[in-house]
Structures are given as structure tokens and as C-alpha cells.
Amino acid sequence: ELLLTRRLWAQALYRNATGQVSGQISGARPPVLLVEIDERSIRADIPSGDPYPMDRAYLAKIVERLSVLNAPVVGVDYLLDRPQSQNDAVVSEAVDRSIEQETAFVFGSILDPEEEIGIREEIASLDTVMQGHTHVPRGYLRIPQWGDPCYEKCPFAYVLALTQRAKKTPIWETIAPEGNLKNSRRRELRRRLLFEIRGQSSDRTLTQLHRLRLSPWSSISRWWRQRWLHPLLDFSLPPEHTYDTLSAYYLLRNSPAQLNNQFDWENQVVIVASGGYSEAGTGEYRDYVKPPLATSYWYRQQGEVSDRFTGGETNAYAIHHFLSQHYIVPFPDSWMVGLNLIASAGIVLLFSRTSFSLKRQRYLLMLSSLGTGIVSLQLYVSAQILVPWLLPTATVWLFCLPTAKTVKDFHSSHP
């Protein structure tokens, strides 16, 4: 994890130095808008001043505001699994009205241990809204397992990305709920969505996203606590190229005209999430971590300072990757070390058949190491492949240098 964090930091520096910051279309907004309930929102708008658990009447205000702004897809990164007296009815009514305005909702859930625990039936039926679990392996993109149809459990960001893409096709018209019908006997909305995409989608991007699964190698390697070929969350991309942010405080106070000029509501996935306040999280698990080195680097480039990186930001990166098909696949270190051991044998054989001095051999090793490092950095950007550099290069040096000295001594004693 330490090596991966530093590698992404190096990639951020390389992107910035070479001007290869993003493949985003010039002038286009990022695909995600993160509505953050931050300290200012809590102090100003939550009467009790206590955000844990989150006041659902406050969430209802946010939902209603997003409905006015015609946000097509809204993810709520809060766990609404326990009753909250009269506030459940308030947020339920707000969700119901938004569904009638054709807003699609995805609520956060947790796995305990394999079953999804999510939104209460009294708030919304899973026939009219969807849910997805927010369990994310740190630093990696959460993709459904190989062979998993995603019917019983499905990642939060993945469901949001599928929904956003499906909303632009005729598929959504065939499954769209007409209201928060708690007594509906229709199948779960998420299952209907997945089934319809599989059966008739003519949208190539949507079909590819629906079929996206971890490779068999990635799934099998989990038995050894490895993540072979498991796509990464690419923190070498600047946050501002990945998602927009808006404080819930300003969402509720700025006029719709102002907000419509600021953001692309029609094409952005909206996530309502914590803004890094201390109480954010569930139980003993906090909803924030220390920012990755690469992200801290981009913060400094913008003159910003932050000591927290939230779950909402993690999900924003994931949705960006799904919608833009940005999948950075890491080549396993152990595989690369093995290949470099073979290459080292070839290098030693080459040195043994030449009269290169030890100094020249070291120079050639340094030059080749630098060259492979630059190629590795560029492959990451151009081919979306992370080729390990540090450990494999160290393997070559450890294998070749002592042997090179032995060969030199041999030639010196046998002129």
C-alpha cells in the first residue's frame, strides 16, 4: 500500500509536468457533483447541532431542492436503516415527490456479512429506489466479482453509474417507478434495471458497464489476500477534474438560477454525502481517511489544505472511472519481479561476453532503469497499465551488480 500510494503521487507529478492531466473534454463539467454536508451546514441548519445520526428532515430539504433543480440521478451516502420517529415520514414524502419528478435514487447500504442492510421500507420501497453497498477496498475500484450478477448485492458507485447511463436510453422508460409505492409487488428496481440492460441495451457503453466484472485472476487472488489486476482508484487525476463540490449550506441558500449556471445538473450524478465532519461514519468506522499523497499534491497546487478524504470523494472517483471507462490495471509486483529475474540472467550473460568496464556496466544499468521508469510512467497514462518499477528494478540491480563484479574479476585474472 505504501509503494502504491507513492507511485500514484509520482504519477500525479508526471501528469502535471507533462501536461497530461486529464482526458476530459475541454469546458465540460466533471461527471459527478458532490453535495457535502459540512460543518457550516450542520451549525446553520441542524437545530440540535448533532449530525449523528443525520437529521432526516434535513436530508428531506436537500432532496426537495435537488428535485427543483431536476437532478436526474441522486445517490444518498447515508445509512437509513434505523427508525427516526416522525422524520422518516418527512424524508419519505420528499423522496416520493422527487420520484414523481423522474429522479432516480440510490441509497447507501452495508454488508452484514453478506446481506445488504440499507434503507428502511417505511422510507422507500426497493421497488422504487435502489441501494448499493459502500464497502470499498482502500485504493481500489469496487467492481462486482467475476460471475456475480449483482442481484443480491451491488456496489453503490457502480449502481449510480449504471443508472446515470441507463437514464439516457429507452430502457429507463420501461422500468421507471411512478411513485414511492411501498405495497408494490413489482420486482426490485435494481434487479429490473440489470435485467433490462442485459436483455435489450443497444447502448454499447451501457452494455460494457453492465458486463464489467473483476477478472478471474483478481477474484482468485483474494484467497491469498492479493489484488492481482484489480483496477485502482486513480488519485493521480486532480479532484477538480473528477468531481465538483457544493456545500449543502449553499445548495439550500443559492437561487436555482445561480445553481443552474454553476453546474450541469442534467448530466452530473449527484451524491449527498458527509463533508468530513468528525462524527461522520457508522459505529467505530469513520467516513474519512487521511488524503492520499497524490490528492494532497493536487490540493497544494490549488492552494488548499485538507486533512480528510471522505467516502463521498472515494465514490466520486469511482463513478468518474465507470462513466469514462478509466480503469488503471496494476501488473502484479511478484509477476514483474519474476520477469526481471529472467531479464537479469540475460543482462549477466551479455556482460560476460563483453569487455565493458564495471563503471560502464553500472552506467548502462542506470540508463536502462531510468528509461524503464519513464516508459512505466507513460504507460500508466497512455495505456492505463501500472507497471511496477521500484521492486523489479531493485531486483535487477541486486542480481546484476555482484555478478558483474565477479565477471570483471574473472576477466582481470584471465587476460
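Modeller: Let us start with Arg 15, which is found in helix α1. Helices are DSSP runs of H or I with at least four residues, strands are E runs of at least two, and both are numbered from the N terminus. The model is predicted: local features need pLDDT of at least 70, side-chain atom pairs count only at pLDDT 80 or more, and totals for chains, interfaces and linings use all residues. Residues are numbered from 1 along each chain as its sequence is written, and side-chain values use heavy atoms, with hydrogens and water left out.

Colleague: Why is Arg 15 called buried?

Modeller: Buried means under 20% relative accessible area, exposed means over 50%, and partly exposed lies in between (1.4 Å probe, protein chains only). Arg 15 has a relative accessible area of 4%, so Arg 15 is buried.

Colleague: Which residues does Arg 15 touch, leaving out those up to four places away in sequence?

Modeller: Contact means heavy atoms within 4.5 Å. By that rule Arg 15 touches Gln 20, Val 21, Asp 234, Ser 236, Leu 237, His 326, Tyr 380 and Val 381.

Colleague: Is His 133 buried or exposed?

Modeller: His 133 is found in strand β5. Its relative accessible area is 4%, so His 133 is buried. Beyond its neighbours within four places in sequence, its contacts include Ser 109, Leu 111, Glu 116 and Arg 142.

Colleague: What makes Arg 142 partly exposed?

Modeller: Arg 142 has 22% relative accessibility, and therefore counts as partly exposed. The residue sits in the loop between β5 (130-133) and α5 (156-166). Among the residues Arg 142 touches are His 133, His 135 and Phe 322.

Colleague: How far is Arg 142 from Glu 93 in space?

Modeller: Their C-alpha atoms are 32 Å apart, and in sequence the two residues are 49 apart.

Colleague: Now the charged pairs. What makes Arg 29 and Asp 244 a salt bridge?

Modeller: A salt bridge is a side-chain nitrogen of Lys or Arg within 4 Å of a carboxyl oxygen of Asp or Glu. For Arg 29 and Asp 244, the N to O value is 2.7 Å. Arg 29 lies in the loop between α1 (2-18) and β1 (32-37) and Asp 244 in strand β6 (residues 243-247), so the pair ties together parts 215 residues apart in sequence. Arg 29 is partly exposed, with 39% relative accessible area. Asp 244 is buried, at 8%.

Colleague: Why can such side chains pair?

Modeller: Side chains of opposite charge can pair when their charged atoms come close.

Colleague: How do you know that Glu 64 forms a salt bridge with Arg 97?

Modeller: The closest N and O atoms of Glu 64 and Arg 97 are 2.5 Å apart. Glu 64 lies in helix α3 (residues 56-68) and Arg 97 in helix α4 (residues 87-100), so this pair ties together parts 33 residues apart in sequence. Glu 64 is partly exposed, at 33% relative accessible area. Arg 97 is partly exposed too, at 40%.

Colleague: What about Arg 120: buried or exposed?

Modeller: Arg 120 has a relative accessible area of 19%, so Arg 120 is buried. The side chains of the two meet at 3.2 Å, N to O. Salt bridges that share partners join Arg 56, Asp 88, Arg 120 and Glu 122 into one network.

Colleague: How many salt bridges does the structure hold?

Modeller: The structure holds ten salt bridges.

Colleague: What makes the nonpolar surface patch?

Modeller: Patches are made of residues with over 30% relative accessible area and no salt bridge; like charges are joined within 9 Å, and nonpolar side chains (Val, Leu, Ile, Met, Phe, Trp, Tyr) within 5 Å. Leu 3, Trp 389, Leu 390 and Leu 391 make a patch of about 360 Å². Leu 391 is partly exposed, with 39% relative accessible area. Leu 391 has its place in helix α17 (residues 390-413).

Colleague: And how many helices and strands does the chain have?

Modeller: The protein chain has 17 helices and 13 strands. Of its 415 residues, 50% are buried.

Conventions
Areas by Shrake-Rupley, 256 points an atom, 1.4 Å probe, with all protein chains shown as cover.
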